[in-house]
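User: I would like to go through the cavities and salt bridges of a structure with you. Please show it first.

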Amino acid sequence: MKFEVIKRSHVKRNIIIGIIVVLILSAIILTFTKAKYKITESIPLVNGTINYELSDFNLIGAYIQEGDSYTQVDEIPTSGYEFNVEKSYCTVNNENINATLNYDMETQNLTITPLTTKGTKCYLYFDEKASGGDYILAGDNPPTNSTTDWTGGTTYYYTGNPNNWVQFGGFWWRIIRINGDGSIRMIYQGTSANTTGTGTQIGINIFNDSQISKVHVGLVYNTSSQHGYGLNSTILGENDSMDTTTLNGWYNTYLKDYEEYIDTGTGFCSDRNLSRGNTWNDRTLYYAATDRQSESSASLQCNSADILSKDNGRLVNPIGLLTSDEAVFNDLTYSENNNTGSYLYTGQIYWTMSPFNYSEAQTAASVFVVFSSGGLNFYEVEDYSLGVRPVINIRADVSLTGEGTSTNPFKVVGAS
């Protein structure tokens, strides 16, 4: 009897141990299964495609184009480049795989098709994105002349009456030039492809509400210095204005929603340097633009103190006016008619932003205007309400379509 009791106790103990072993094995199997499930789940599978977030992806190399070669970089570019799907590739175990890659520059998401295996390594290549200016220069209607400008680069400008039409932001424009930094400067043309008449301007306005001082020739100015800023001219308007006969008001009303395509750094030149032989204390003085009334003497350089842009804080909105030098480069000269040979001729009188002169005896500050006969002239800033034609710069990295003709104008992709 004693022997049987001992045997039964031994059996009971073995049963308990067996149950414990089973439980332990079950826990191990369950844990392994869950771990495996999690690994599989971390790779979303949709129609045979694996989508990788860059933060989780085993990216081996990113390469950007520099001229004819590529340079490896630590960070994938976010602008100025396009993903080269043909050159980019992936490997598994150091062997290339037959897969198509797509990379979204905005979301930084890489898509690989078809389905691949864990351990895939990819090499991404990015080409320099052709600028809007490059697109125009490579097309059938490029600017024909060039010089340098205040950005330090080569600027290409149109002459005559070319195919330089643009549709942007719901309006028509004419390209003045491709700036030296690649941005595109253009002047308002209207709500249709009209070439003359009041429809080529946003309205009429005086340039400034006072002309008792030489400072009143500035698009921006202050009351004490030759190259001052801080106060807005009447034609520029209050920063938060909605008066669409002023530059700020018109911009706030119509272009604010398109600012992602508009260059804010190149700016505009309010050249308040003086003509040769003049000093700031003279009772009558002329400004430097009066010395530059032929194409050989015209200049697109600018004193840094007179460059006005949103980025340098001298403008709230990136909008300005034509300069007299830009008009001269387009065959408009002082007191000479040109009513057929220039796209800047509209049959109207409209303001530029280039100062002409100041006379203390007449208490008159004057600014260059494009005259109704197609030449340059000047008007006092307070005495006349003349045409207002906004000028803006489009970013260098925009994508364009079209040919520049009035029937097939250049268009900014996404913003026409």
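Analyst: The discussion below turns to salt bridges and then to cavities. This is a predicted model, in which local features need pLDDT of at least 70, side-chain atom pairs count only at pLDDT 80 or more, and totals for chains, interfaces and linings use all residues. Residues are numbered from 1 along each chain as its sequence is written, and side-chain values use heavy atoms, with hydrogens and water left out.

User: How many salt bridges are there?

Analyst: The count comes to 10 salt bridges, each being a side-chain nitrogen of Lys or Arg within 4 Å of a carboxyl oxygen of Asp or Glu.

User: Which residue meets Glu360 in a salt bridge?

Analyst: Arg283 does, at 3.0 Å from N to O. Glu360 sits in the loop between β22 (350-359) and β23 (364-370) and Arg283 in the loop between β19 (268-269) and β20 (284-286), so the pair ties together parts that are 77 residues apart in sequence. Strands here are DSSP runs (E, at least two residues), as helices are (H or I, at least four), numbered from the N terminus.

User: Is Arg283 buried or exposed?

Analyst: Arg283 is exposed, at a relative accessible area of 54%, whereas Glu360 is partly exposed at 38%. Buried means under 20% relative accessible area, exposed over 50%, and partly exposed in between (1.4 Å probe, protein chains only).

User: And what about Arg292, which residue does its side chain meet in a salt bridge?

Analyst: The partner is Asp325, at 2.8 Å from N to O. Arg292 lies in the loop between β20 and β21 (307-308) and Asp325 in helix α4 (residues 324-329), 33 residues apart. Arg292 counts as buried at 14% relative accessibility, and Asp325 counts as buried at 4%.

User: Which residues are linked in a network of salt bridges?

Analyst: Asp149, Arg177, Arg185 and Glu326 are linked in this way.

User: Changing topic: how many cavities of 30 Å³ or more?

Analyst: There are three. On a 1 Å grid over the protein atoms alone, a cavity is a set of points where a 1.4 Å probe fits but cannot get out, and lining residues have an atom within 4 Å of a point. Grid points are joined across faces, edges and corners, and a volume is the space filled by probe spheres set on the points.

User: How much space lies in the largest cavity, and what lines it?

Analyst: The largest cavity holds about 80 Å³. It is lined by 13 residues, of which Cys269, Ser299, Gln301, Thr323 and Asp325 are the closest to its centre. The lining divides into four nonpolar, four polar and five charged residues. Ala, Val, Leu, Ile, Met, Phe, Trp, Tyr, Cys and Pro count as nonpolar, Asp, Glu, Lys and Arg as charged, and the others, Gly among them, as polar.

Technical notes:
On a 1 Å grid over the protein atoms alone, a cavity is a set of points where a 1.4 Å probe fits but cannot get out, and a pocket is an open set with protein on both sides within 12 Å along at least five of seven lines; lining residues have an atom within 4 Å of a point.
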